[in-house]
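Please look through the sequence and the structure shown below, and keep both in view while reading.

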Amino acid sequence: MTQSLPEQRPARERAFAGSGPPPVVVIGAGPYGLSVAAHLRATGVPVLVFGVTLGSWRHAMATGMFLKSTPDAVDLSAPVPGARLADFRRAHGEPELTELTPIPCDVFVRYGQWFQKQHVGEVDPGRVVSVDRAATDSGFTVRLDDGRELAAAAVVVATGLNGLAHVPAELMHLCPDGAGSGALVSHTSHHTDLSPYAGRRVAVIGGGQSALESAALLHEAGAEVQVLVREDHVLWGRTPGPARARWRRMARPYSPLGTGWILAAVCRAPGAVRRLPATVRMLLFRRALGPSGGWWLRDRVEGVFRVRTSCRVTRAEADRSGVRLEVAGPRGASEALTVDHVLAATGYRLDLDAVPFLSPTVRGALACVPGSKAPRLKAGFESSVPGLYFAGSLAAPTYGPMMRFVAGTEYVATRIAAHAARRVTAP
């Protein structure tokens, strides 16, 4: 059962009763939502968090998956010591994880649930269906799917990648009712269990971690799998070397996102990234981290099942045997491939139009980063709508690629909390 920290429940009751200052509402209880809420709560302002604790990690990732990041890049952020993954492991008598220890997703989920109880308090599982400007034009009106309505001094959108899954247009016509596990085409985010595909032919589209790990899990579950990759080769991460020579560390400095000067720079100074021209920021967003597989996954893929590079799907049709794909190879030659199911590991598209709870008025007032459909953000992660903040992936086109990973939580949470807390006025 979720525990409530001191004063957390009274703040919730006051908010719905209409007494006391309006709270800051955090929508989403993933790494960013929890970290922002922990810092907001430390400021003493009332804060309400809506969502399911680490919901995407529990319901949009297949059983058996691991995190690609190393242990020192997955700490959630709290304003007090003792909130790191290592602290959670120590508190439960579990050995500390190292760079050479891939982190199972279920371990990270347990860590997030522990963090919530220790540093956040109650998380309301209600689903937010509407965020609109208040009639007074000061603050917001937030409505929930169960009919509740409350005033909010500020709103933090920390919904991660929910609703942003991308399935290529050439595949979508195969599933007129929508992609999913029961259709001919699904996205990797639609699955928590890949074992039902045992004995079936599955084509996995993509060349990144999600594609390669999903293919490994499908093969290990008994599926006949092959991976179709647009690039001319699969890129694998390097095995960590904790005792790298000094000259190597200088030539390729370490960062939470990997080694290299560009990654180190964008991780150390997200604020400086925000001041770059939009065209440069979008180039960083798209190119700084290309698709790749974790070093620990390589032995489960290479030589185990077929990975076809330099190929792309040019046509897809449903037939009695399943799905017939026309695949263009490296020299333009086309080949037909018939499978029972297509699994799209084709990533996500940042699009404010896919955030369903933003009212048309709010959505229409949001300025976007040129060349994207992501919000343009100010120094405190505030959008062009005063009091409306964005954390996580939707902030990446403004602040750089670190916002796509858990490693960005401390930078984001400290700044949003300091900025948003000033919007809560005394009763």
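The side chains of glutamate 326 and arginine 324 come together in a salt bridge, with an N to O distance of 3.5 Å; a salt bridge here is a side-chain nitrogen of Lys or Arg within 4 Å of a carboxyl oxygen of Asp or Glu. This is a predicted model, in which local features need pLDDT of at least 70 and side-chain atom pairs count only at pLDDT 80 or more, while totals for chains, interfaces and linings use all residues. Residues are numbered from 1 along each chain as its sequence is written, and side-chain values use heavy atoms, with hydrogens and water left out.

A search of the whole structure finds 17 salt bridges, and among them are the pairs in this table.

| Glutamate 326 | Arginine 324 | 3.5 Å |

Elsewhere, Arg84, Asp87 and Arg90 are linked in a network of salt bridges.

How many disulfides does a search of the whole structure find? The search finds zero, where a disulfide is taken as a pair of cysteine sulfur atoms within 2.5 Å. Cysteine 105 is buried, with a relative accessibility of 7%, and cysteine 267 is buried at 10%.

The sheet is open and has five strands in the order β9-β18-β10-β11-β14, with parallel pairing. Because β9 (185–187) and β14 (306–308) stand at the edges with a single partner strand each, one side of each is left without a neighbour in the sheet. Helices (H or I, at least four residues) and strands (E, at least two) are DSSP runs, numbered from the N terminus, and two strands pair if DSSP finds at least two bridges between them. Three bridges join β9 to the parallel strand β18 (residues 341–344), and in β18 leucine 343 is the bridge partner of serine 186.

Key: Buried means under 20% relative accessible area, exposed over 50%, partly exposed in between (1.4 Å probe, protein chains only).
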